[in-house]
Amino acid sequence: MSGILDGKRILITGVLMESSIAFHAAKVAQEQGAEVILTAFPRPTLTERIAKKLPKPAKVIELDVTNEEHLGRLEGMVREELGGLDGIVHSIGFAPQDALGGNFLNTPFESVATAMHVSAFSLKSLTMALLPLMPEEEGGAVVGLTFDAQFAWPQYDWMGPAKAALEATNRYLARDLGPRNIRCNLVSAGPIGSMAAKSIPGFGELAKVWDSRSPLQWDMADPEPAGRGIVALLSDFFPKTTGEIIHVDGGVHMMGA
């Protein structure tokens, strides 16, 4: 039986643990027929160990999205491995500890700049580094991960503005890459008990919102629904959808008071 990503070549960032959404995106992508290559930073060996739990082997490339040398060599390394590329998954976000956990009013600009560079500007950097690998006629898909930036969440602090910047960056990429038939979309997932979540002080307080407001039962230990959302957007089933944010959050985004 064929899968919805048969013949697709996909690069996926952010596979840190088996509990990460990116891991499940890679798993489902392989199950749906894609060839997958992973990037990792700062510990490629950790990702290599986690990658062994995928259905098929996947090469891991070290990539710091703030490092121009890493970005400059990325195209050649992916071309050597896959020949070209049909999809990119951006699952990268980071803010220093003083930019999180209730310290919003006191965070220095240097920490804000780091959060913006890693979490938002990197969507453009990564996409442009890999753009030459995407077929000009067929185009491709870029899918990123956000956490609904419409609201001011408890403890999330400067990652909120960083995600808002990511969402705006996605819209501008969609505008400028549309003529090349490249679709740029985001998945806004509910809270998952991943390594990234555990790095946010007081994350449990934020996650409690889902206990009382989610129309669909939300399981913080199940990243697969968000992974499936990513794979759906990588597929050809959304040929004219771009600049969009697809919510995979149990419905919390549309609930009133």
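This is a predicted model: local features need pLDDT of at least 70, side-chain atom pairs count only at pLDDT 80 or more; totals for chains, interfaces and linings use all residues.
Local features are given where pLDDT is at least 70 and side-chain atom pairs only at pLDDT 80 or more, while totals for chains, interfaces and linings use all residues. Residues are numbered from 1 along each chain as its sequence is written, and side-chain values use heavy atoms, with hydrogens and water left out.

Helices (H or I, at least four residues) and strands (E, at least two) are DSSP runs, numbered from the N terminus; two strands are said to pair if DSSP finds at least two bridges between them. On these terms, 7 strands form an open sheet with parallel pairing, in the order β3-β2-β1-β4-β5-β6-β7. The edges are β3 (60-62) and β7 (245-248), each of which pairs on one side only. From one strand to the next, the twist averages 20 degrees. Angles here run from 0 to 180 degrees between N-to-C directions, and axes are lines fitted to C-alpha atoms, for helices over the stretch in contact.

Helix α4 (residues 109-130) lies across β1, β4 and β5 and runs at about 165 degrees to β4. Helix α9 packs on the sheet too, touching β1, β4, β5, β6 and β7, and its direction makes about 170 degrees with that of β6.

Within β2, I37 is the bridge partner of L11, and V36 stands opposite I10. In β4, the bridge partner of I10 is G87. In a regular strand the side chains alternate between the two faces of the sheet. Accordingly, R9 and L11 point one way from β1 and I10 and I12 the other way, and all are buried. Buried means under 20% relative accessible area, exposed over 50% and partly exposed in between, with a 1.4 Å probe and protein chains only.

The next element is helix α1 (residues 21-31). Together with β1 and β2, α1 makes a right-handed β-α-β unit; the crossover is called right-handed if, with the strands pointing away from the viewer, the path from the first strand over the helix to the second runs clockwise. Because 9 of its 11 residues are buried, α1 is largely enclosed by the rest of the structure. The buried residues are I21, A22, F23, H24, A25, A26, V28, A29 and Q30. They pack against β1, β2, α2 (44-51), β5 (140-146), β6 (182-189) and α9 (224-234). Just after the helix, G33 takes a positive phi of about 100 degrees.

In soluble globular proteins, nonpolar side chains tend to be buried together. A nonpolar core is taken as a set of buried Ala, Val, Leu, Ile, Met, Phe, Trp, Tyr and Cys residues joined through side-chain atoms within 4.5 Å. The largest such core has 51 residues, and I12, L38, W210, I230 and L234 have the most contacts inside it. Helix α1 gives the most to this core, with 7 residues. Apart from it lies another core, of 29 residues, including L11, L82, I92 and M134. Leaving aside neighbours within four places in sequence, I12 is in contact with A22, A25, A26, V36, I37, L38, T39 and V89.

The search of the whole structure finds 8 salt bridges, each a side-chain nitrogen of Lys or Arg within 4 Å of a carboxyl oxygen of Asp or Glu. In one of them, D236 pairs with K8, the closest N and O atoms being 3.0 Å apart. This pair links distant parts of the chain, 228 residues apart: D236 is in the loop between α9 and β7, and K8 in the segment before β1. D236 is partly exposed at 49% relative accessible area, whereas K8 is buried at 16%. Within α1, K27 and E31 lie 4 residues apart, about one turn of the helix, and their side chains meet in a salt bridge (2.9 Å, N to O). K27 is partly exposed at 22%, as is E31 at 42%.

Notes
Contact means heavy atoms within 4.5 Å.
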